[in-house]
Amino acid sequence: MRARVLVLASSLLLAVPLAAAAQPCTEPLTQLFERVSPAVVSIQATKINKIKPQRRFETVVGSGVIIERDGQILTNAHVVDGAASLTITLDNGNKVTGKVLGLDTVLDLALIRVESSGSLPVARLGDSASIKVGDEVVAIGNPIGLDQTMTRGIVSGLNRVLPGVSDEAMIQTDAPINPGNSGGPLVDRCGQVIGINTLISEDAQSIGFAVPINAARNVLRELRDSGRVVRPWLGLQGRAIEASLGAIVRMPITPGYLVEIVLEGSPADQAGIRGGSIAVVVQGEEYLLGGDIVTAIHGTPIRTHQDYVAKVRTLKPGQRVKIALMRDGQSREISLTVTERPRLPTDLAD
């Protein structure tokens with residue numbers, strides 16, 4: 001359930017800054033909270049439910065963090081998506097109206113803005129590429145409506161990719177995150193925001209995930225300027241496959257990226273790329289066989305899911321690319337035109 005990286009002129013001169021840089025942040029957590037929490041807000045989104053005629057309005061509560069003094073706030077897309085109105089409660093208790101500037105359903109990020117008569121407190125953004133497993137972190141937000149709550153934990157894992165949820169690498173933490181924390185900051189021991197809390201696992205305890213702040217930084221300009229993030233799209237879903245599987249299932253298999261699903265109307269669909277139709281479970285792993293196996297995209301070999309994702313990210317909407325693939329044991333080459341990724345039904349799913 002969502003809550004959904006100097007030249008040494010004098011050893012004497014260099015010794016002081018090096019020593020200072022090596023010192024860990026030891027500010028008491030009470031002071032860290034007092035310094036960061038004024039930039040954390042509560043968000044109440046009123047949404048119109050078009051499916052349930054007997055329950056027209058739905059209220060979603062989440063969190064956000066102020067990143068600019070002009071009232072720009074980072075939060076989760078799933079908190080504000082489709083909202084008819086946004087009410088933002090500031091740390092001082094004032095309630096103001098919010099407006100969505102941009103939405104990214106892939107990263108589950110949204111940029112909103114509030115109008116305020118005075119200068120607003122701003123959180124410092126850190127560097128998520130510098131964090132390590134074991135680093136102490138805190139989450140500040142509004143779990144189940146309990147405003148300005150801080151929980152404590154560590155970075156439990158890095159570069160977590162959750163198949164079926166997102167291809168974007170996330171930070172895993174054991175800092176308690178609950179519904180209402182969505183969109184709030186994950187903060188390092190120095191009081192800098194290193195992530196935006198986005199989802200928790202219903203199947204386990206103390207497993208939460210945050211969007212790395214560096215990933216958020218990369219899309220801020222697009223969210224601010226155009227309201228969306230433009231991404232290249234082929235319309236394929238699949239997984240890596242090895243030749244050794246062929247001997248087990250008695251089918252011709254070439255190492256590469258097995259196409260399991262081709263989304264209707266996508267560039268891949270229009271180019272005639274085929275998805276799978278035969279469900280097979282091998283050693284607990286489920287494969288949808290019978291589809292094409294992509295071996296290269298525009299000259300770049302594709303062997304893993306990471307290869308596929310990395311290559312597609314380098315493409316541009318409107319670009320014509322060649323896809324090398326294997327079909328029924330025979331090599332083929334297909335050309336298609338990359339398009340902008342649309343919003344998909346699976347975006348922001350629970």
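# Notebook: contacts, pairs and turns

Leaving aside neighbours within four places in sequence, I found aspartate 81 in contact with Lys47, Leu103, Arg343 and Leu348. I was working from a predicted model, so I kept that in mind for every entry below.

**Entry 1: aspartate 81.** Aspartate 81 sits in the loop between helix 3 (77-80) and strand 4. Which side chain does the side chain of aspartate 81 make a polar contact with? I found arginine 343 as the partner, at 2.6 Å. Arg343 is also one of the residues on the contact list of aspartate 81.

**Entry 2: threonine 89.** Next I went to strand 4 itself, which covers residues 83-89 and holds threonine 89. Setting aside neighbours up to four places off in sequence, I listed Val41, Ser42, Asn94 and Lys95 as the contacts of threonine 89. With lysine 95 there is a polar contact, side chain to side chain, at 3.1 Å.

Entry 3: I picked out one of the pairings: strand 2 (residues 57-66) and strand 3 (residues 72-75) run antiparallel and are joined by 2 bridges. Which residue of strand 3 stands opposite isoleucine 66? I found isoleucine 73 there.

**Entry 4: aspartate 108.** A loop between strand 5 (95-104) and strand 6 (109-114) was my next stop, and aspartate 108 lies in it. Its phi is near 60 degrees, which is a positive value in a residue other than glycine. Is aspartate 108 buried or exposed? I wrote down buried, because its relative accessibility is 1% and the cut-off for buried is under 20%.

**Entry 5: the disulfide.** I searched for sulfur pairs and the count came to 1 disulfide. Cysteine 25 is joined to cysteine 190, with 1.8 Å from S to S. The two cysteines come from distant parts of the chain, 165 residues apart. Cysteine 25 is in the loop between helix 1 (11-22) and helix 2 (29-36), while cysteine 190 is in the loop between strand 11 (185-188) and strand 12 (192-200). I noted the link as right-handed, with 90 degrees about the S-S bond. A reminder to myself: a disulfide is a covalent bond between the sulfur atoms of two cysteines. I also checked accessibility at both ends. Cysteine 25 counts as partly exposed because its relative accessibility is 32%, and cysteine 190 counts as partly exposed at 28%.

**Entry 6: the aromatic pair.** How many aromatic pairs are there? My count came to 1 aromatic pair. Tyrosine 257 and tyrosine 308 make it up, with 4.4 Å centre to centre and 5 degrees between the planes. I recorded the pair as stacked because planes under 30 degrees apart count as stacked. This pair, too, links distant parts of the chain: tyrosine 257 belongs to strand 16 (residues 256-262) and tyrosine 308 to helix 7 (residues 305-313), 51 residues apart. Tyrosine 257 is buried, with 1% relative accessible area. Tyrosine 308 counts as buried at 7%.

**Entry 7: a hairpin.** Strand 17 (residues 278-282) and strand 18 (residues 285-289) run antiparallel, and I found 5 bridges joining them. Valine 280 stands opposite tyrosine 287 of strand 18. The two strands form a hairpin with 2 residues between them. In the turn, glutamine 283 has a positive phi of about 50 degrees.

**Entry 8: histidine 298.** I found another positive phi at histidine 298, about 55 degrees, although this residue is not a glycine. Histidine 298 lies in the loop between strand 19 (293-297) and strand 20 (300-301). I put histidine 298 down as partly exposed because its relative accessible area is 38%.

**Entry 9: leucine 336.** My last stop was strand 22 (residues 330-337), where leucine 336 lies. Leucine 336 counts as buried, with a relative accessibility of 3%. Not counting residues up to four places away in sequence, leucine 336 touches several residues, among them Leu234, Pro267, Ala268, Ile273 and Val321. I also checked leucine 336 against serine 266: they are 70 residues apart in sequence, and their C-alpha atoms are 9.9 Å apart in space.

Definitions and conventions
Residues numbered from 1 in each chain as written. Predicted model: local features only at pLDDT ≥ 70, side-chain atom pairs only at ≥ 80, totals over all residues. Heavy atoms only, no water. Helix = DSSP H or I, 4+ residues; strand = E, 2+ residues; numbered from the N terminus. Polar contact = N/O pair within 3.5 Å; in protein donor to acceptor, adjacent residues only side chain to side chain. Contact = heavy atoms within 4.5 Å. Disulfide = S-S within 2.5 Å. Buried < 20%, exposed > 50% of the residue type's maximum accessible area, 1.4 Å probe, protein only. Pairing = 2+ DSSP bridges. Phe/Tyr/Trp six-rings, centres within 6.5 Å; stacked < 30°, edge-to-face > 60°.
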